[in-house]
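This report describes selected local features of one protein model.

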Amino acid sequence: MAASGTALAGLAAFGLFTVGCSTGGTGTRDEGPAGSQPVAQITPRTSPTGTDAPVRRVDAVKLLKNDPKVGERVREGLKPCAGRTYPIDTSYGSMTGGRTADVVVNVMSCADSVSVGTYVYRADDRGAYENVFAVEVPAVYGTIDRGDLVVTTQVYGSKDPLAYPSGSEVVTYRWANDRFTEHDRVHNEFSRAVEGTDGDLPVQSEQVEPAPRESPAEPDGN
């Protein structure tokens with residue numbers, strides 16, 4: 001019995017020693033049974049348009065109406081389309097390296113939802129927003145792409161309907177020396193092969209039930 005007790009004690013000590021050595025040289029650690037504890041998952045924090053600059057919501061309508069760089073036609077047409085909803089899209093993102101996120105505002109028309117102006121506002125050291133970019137042409141729209149300002153303008157010919165522009169101009173701007181400068185330009189020409197296909201499709205005729213087939217005549221027994 002004494003010999004058995006001594007042997008068991010030795011085995012227990014050896015087990016503790018091997019547990020301490022199996023941790024890769026980092027010392028002993030407590031481990032519960034596998035799967036007994038939930039695994040913590042870290043979800044990356046997302047921010048608007050991929051910017052880490054703090055976002056401060058702005059009153060885009062007030063900015064536009066108080067901005068002398070906004071054209072009179074756009075300012076006068078800035079009215080709610082239905083109820084109190086204004087035809088404005090607002091994006092926040094870091095493009096100019098300011099303390100707070102920059103603001104891109106697109107103004108659309110209520111009649112056809114076509115953008116008529118794109119504006120970029122930057123917060124100064126006092127927190128006041130100033131207009132640092134403005135384009136007022138039909139069918140223009142500005143977005144933020146990985147810290148750049150991307151402005152897309154639809155190109156129309158003299159006979160182009162609103163739904164079928166001839167092409168588009170995509171211009172990428174970057175902030176340098178306290179202003180946006182053109183970095184890249186892409187011109188797209190759209191195909192005319194699909195224009196007006198809705199009216200050229202043949203009219204499908206109504207399905208006609210086939211006439212019943214006559215049974216073959218019985219052979220004459222005579």
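Two strands are said to pair if DSSP finds at least two bridges between them, and strands (E, at least two residues) and helices (H or I, at least four residues) are DSSP runs numbered from the N terminus.

## Basis of the description

The model is predicted, so that local features need pLDDT of at least 70 and side-chain atom pairs count only at pLDDT 80 or more, whereas totals for chains, interfaces and linings use all residues. Residues are numbered from 1 along each chain as its sequence is written, and side-chain values use heavy atoms, with hydrogens and water left out.

## Strands β6, β7 and β8

Strand β7 (residues 167-176) pairs with strand β6 (residues 148-155) in the antiparallel sense over seven bridges, and β7 also pairs in the antiparallel sense with strand β8 (residues 179-189), here over 10 bridges.

## Salt bridges across the strands

The structure holds five salt bridges, the term being used for a side-chain nitrogen of Lys or Arg within 4 Å of a carboxyl oxygen of Asp or Glu. One of them is formed by Arg-174 and Asp-148, whose closest N and O atoms are 3.2 Å apart. Because Arg-174 lies in strand β7 and Asp-148 in strand β6, this pair ties together parts that are 26 residues apart in sequence. With buried meaning under 20% relative accessible area, exposed over 50%, and partly exposed in between (1.4 Å probe, protein chains only), Asp-148 is buried at 13%, while Arg-174 is partly exposed at 38%.

Between β7 and β8, Glu-169 forms a salt bridge with Arg-185, the closest N and O atoms being 3.4 Å apart; this pair links distant parts of the chain, with Glu-169 in strand β7 and Arg-185 in strand β8, 16 residues apart. Arg-185 also forms a salt bridge with Glu-182, where the closest N and O atoms are 3.0 Å apart, and through shared partners Glu-169, Glu-182 and Arg-185 are joined into one network. Arg-185 is partly exposed, at 46% relative accessibility, and Glu-182 counts as partly exposed at 45%.

## The disulfide

The structure holds one disulfide, defined as a pair of cysteine sulfur atoms within 2.5 Å. It joins Cys-81 to Cys-110 with an S to S distance of 1.8 Å. Cys-81 lies in the loop between α3 (72-77) and β1 (88-93), and Cys-110 in the loop between β2 (102-108) and β3 (115-123), so that this pair, 29 residues apart, links distant parts of the chain. The link of Cys-81 and Cys-110 is left-handed, with -90° about the S-S bond. Cys-81 is partly exposed at 41% relative accessibility, and Cys-110 is partly exposed with a relative accessible area of 41%.

## Positive phi angles in loops

Most residues other than glycine have a negative phi. Ser-113, although not a glycine, has a positive phi of about 60°; Ser-113 is placed in the loop between β2 and β3 and is exposed, with a relative accessible area of 56%. Arg-146, likewise not a glycine, has a positive phi of about 50°, is found in the loop between β5 (140-145) and β6, and counts as exposed at 76% relative accessibility.
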